[in-house]
Amino acid sequence: QSCQQSFAAMVEGHGVHRVARKLRHRLMGRRFRAYSPSGRFQDGATKIDGCTLHRVEAVGKELFLFFLPLAGPDMVSEVVVR
């Protein structure tokens with residue numbers, strides 16, 4: 001299944017935690033290419049483009065993905081997508 005088919009519906013509560021577990025299992029440690037086709041999120045996409053997914057956390061109904069920065073482990077970039 002494609003991601004679009006798997007995650008088409010908005011999840012809540014325990015569903016967010018289930019999605020976090022799936023993301024950890026399937027994507028942790030993988031390097032990502034990020035872009036913004038519409039251009040609306042280009043700054044955020046540029047910050048994580050080429051970075052490795054380091055951690056996935058679910059807190060309540062919030063899902064957080066943490067990426068290792070390209071510039072070194074001491075540099076922290078924050079990207080917020082709503």
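Modeller: From the N terminus on, the elements of the protein follow the order α-α-α-β-β, which comes to three helices and two strands. The model is predicted, with local features needing pLDDT of at least 70 and side-chain atom pairs pLDDT 80 or more, while totals for chains, interfaces and linings use all residues. Residues are numbered from 1 along each chain as its sequence is written, and side-chain values use heavy atoms, with hydrogens and water left out.

Biologist: What makes a stretch a helix or a strand?

Modeller: Both are DSSP runs numbered from the N terminus, a helix being H or I over at least four residues and a strand being E over at least two. The stretch 42-48 is α3 and the stretch 52-59 is β1, while α2 covers 14-27.

Biologist: Why does Ser36 count as buried?

Modeller: Buried means under 20% relative accessible area, exposed means over 50%, and partly exposed lies in between (1.4 Å probe, protein chains only). Ser36 has 10% relative accessibility, so Ser36 counts as buried. Ser36 is found in the loop between α2 and α3, and of the 82 residues of the protein, 22% count as buried.

Biologist: What does Ser36 touch, not counting residues up to four places away in sequence?

Modeller: With that limit, Ser36 touches Phe41, Gln42 and Ala45, where a contact means heavy atoms within 4.5 Å. The side chain of Ser36 also reaches the backbone nitrogen of Arg40 at 3.3 Å.

Biologist: How do you know that the side chains of Arg33 and Asp49 meet in a salt bridge?

Modeller: A salt bridge needs a side-chain nitrogen of Lys or Arg within 4 Å of a carboxyl oxygen of Asp or Glu. For Arg33 and Asp49 the distance from N to O is 3.4 Å, and the pair is therefore a salt bridge by this rule. Arg33 lies in the loop between α2 and α3 and Asp49 in the loop between α3 and β1, so the pair ties together parts that are 16 residues apart in sequence. Arg33 itself counts as exposed, because its relative accessibility is 67%.

Biologist: How many salt bridges are there by this rule?

Modeller: The count comes to two. Arg55 forms a salt bridge with Glu57, their closest N and O atoms being 3.5 Å apart. Arg55 has a relative accessible area of 36%, so Arg55 is partly exposed, and Glu57 is likewise partly exposed because its value is 30%.

Biologist: Which residues is Asp49 in contact with, leaving aside its neighbours within four places in sequence?

Modeller: They are Phe32, Arg33, Ala34 and Leu70. The side chain of Asp49 reaches the backbone nitrogen of Ala34 at 2.8 Å. Ala34 is placed in the loop between α2 and α3, and Ala34 counts as buried because its relative accessibility is 18%. Beyond four places in sequence, Ala34 touches Ala45, Ile48 and Asp49.

Biologist: What makes a nonpolar core?

Modeller: Such a core is a set of buried Ala, Val, Leu, Ile, Met, Phe, Trp, Tyr and Cys residues joined through side-chain atoms within 4.5 Å. The largest one here has seven residues, namely Val16, Val19, Ala20, Leu23, Leu53, Val56 and Ala58. Two or more of these residues come from each of α2 and β1, and α2 gives the most, with four. Within this picture, Ala20 touches Val56, Ala58 and Leu63, not counting residues up to four places away in sequence. In soluble globular proteins, nonpolar side chains tend to be buried together.

Biologist: Why does Val59 count as exposed?

Modeller: The relative accessibility of Val59 is 51%, so Val59 counts as exposed. Val59 is in strand β1, and leaving aside neighbours within four places in sequence, Val59 is in contact with His17 and Phe64. The C-alpha atoms of Val59 and His14 are separated by 9.9 Å, although the two residues are 45 apart along the chain.

Note on methods
Polar contact = N/O pair within 3.5 Å; in protein donor to acceptor, adjacent residues only side chain to side chain.
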